[in-house]
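Hi there,

Here is the structure I promised to pass on to you. Have a look at it first, and then read my notes below.

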Amino acid sequence: MMKTPEKDEKRNNRVKGYAIWIGILYLIMQHGIYMIGHYLALWLGFAPFLPKIALDDRIPIVSVFIIPYIWSYAYWAMGPMAVSKCEKEHFADYMAASLVSCLAGVLVLAFFPTYMDRVAEGLFVAPANPTVFDRLRMFWYSLDGSETAYNLLPSFHCINSTLCYLGVAGRKEIPVWFRAYSLVTTLLIYASTMYVKQHFFLDVITGAALALAVYFICKKFHWGRMFRPAERVYAAWKAKKQAQ
């Protein structure tokens, strides 16, 4: 049966199978890179500093924001899947920006380590009538350093979320509803990092700024070309599989 332009366009404008695996692997990889930053700082012997400003004391705890904070992990896995609906060059540049942002972020974490003393911040004082969101927030603290949090600046939550939005922003291949969802989700994640007291204001600003700068550099100079060898290997494997 002859393929029509309409069928080709529909086939191209869908989530690619490889992007599902890339999304999952990227989620695992970026978490590993994030953790390396702290151990590098310890090995290099740099003392962490507190990236807090006066504005941070005016930001209240709003425990319900733990929901978008946790949802962020699923959102980041969706990023490569959504962007794979676009042309390969854009997808490659997007993944290059994701990789370079993580590597740049971990260098900042290693050479300029940061911390938050949750006890001093009063975060272990339970409300009189704790809600399920309060309990979930406290549980999350226990998974992330308990009394002391590290790796604050830049916020990887903001790096990854910013890139997820930039990857689909203004792309006609992506439905309008998903672009709107991506923008709202990214903004909610920005807010969540501060309202559940996982980050300070400067962490959010530096995370978003780093992602923006790296994304536009990767797009301008097409750094996605670094993945061409892997693309050729994948194309050869796919052709061999289809021939069988």
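The axes of α2 and helix α4 (residues 88-111) come within 7 Å of each other and cross at roughly 15 degrees. Axes here are lines fitted to C-alpha atoms, for helices over the stretch in contact, and the angles run from 0 to 180 degrees between N-to-C directions. In case you wonder about these two values: two packed helices are described by the angle between their axes and the distance between the axes. The crossing of α2 and α4 is right-handed; a crossing gets that name if the near helix is turned clockwise from the far one by less than a right angle, and is left-handed if anticlockwise. The residues of this contact divide into 20 nonpolar, three polar and one charged. For these classes, Ala, Val, Leu, Ile, Met, Phe, Trp, Tyr, Cys and Pro count as nonpolar, Asp, Glu, Lys and Arg as charged, and the others, Gly among them, as polar.

A word on where this comes from: it is a predicted model, in which local features need pLDDT of at least 70, side-chain atom pairs count only at pLDDT 80 or more, and totals for chains, interfaces and linings use all residues. Residues are numbered from 1 along each chain as its sequence is written, and side-chain values use heavy atoms, with hydrogens and water left out.

Now the overall picture. The protein has nine helices and two strands, and from the N terminus on its elements run α-α-α-α-β-α-β-α-α-α-α. Helices (H or I, at least four residues) and strands (E, at least two) are DSSP runs, numbered from the N terminus. Along the principal axes, the C-alpha atoms fill a box of roughly 70 × 40 × 35 Å. Of the 244 residues, 41% are buried, where buried means under 20% relative accessible area, exposed over 50%, and partly exposed in between (1.4 Å probe, protein chains only).

At least two lining residues each come from α2 (17-44), α3 (66-83), α5 (132-143), β2 (148-150) and α6 (156-168). By class, the lining has eleven nonpolar, nine polar and one charged residues.

Most residues other than glycine have a negative phi, and most peptide bonds are trans. A cis peptide bond joins L153 and P154, with omega about 0 degrees, and P154 sits in the loop between β2 and α6. K197 has a positive phi, near 60 degrees; K197 lies in the loop between α7 (176-195) and α8 (201-221) and counts as buried at 12% relative accessibility. H222 also has a positive phi, near 50 degrees. You will find H222 in the loop between α8 and α9 (228-243), where H222 counts as partly exposed at 30% relative accessibility.

Finally, two residues to look up across the chain. The C-alpha atoms of W76 and N160 are separated by 6.4 Å, although the two are 84 residues apart along the chain. A54, in the loop between α2 and α3, counts as exposed at 64% relative accessibility. A54 and F201 are 147 residues apart in sequence and 9.7 Å apart in space, C-alpha to C-alpha.

Happy exploring!
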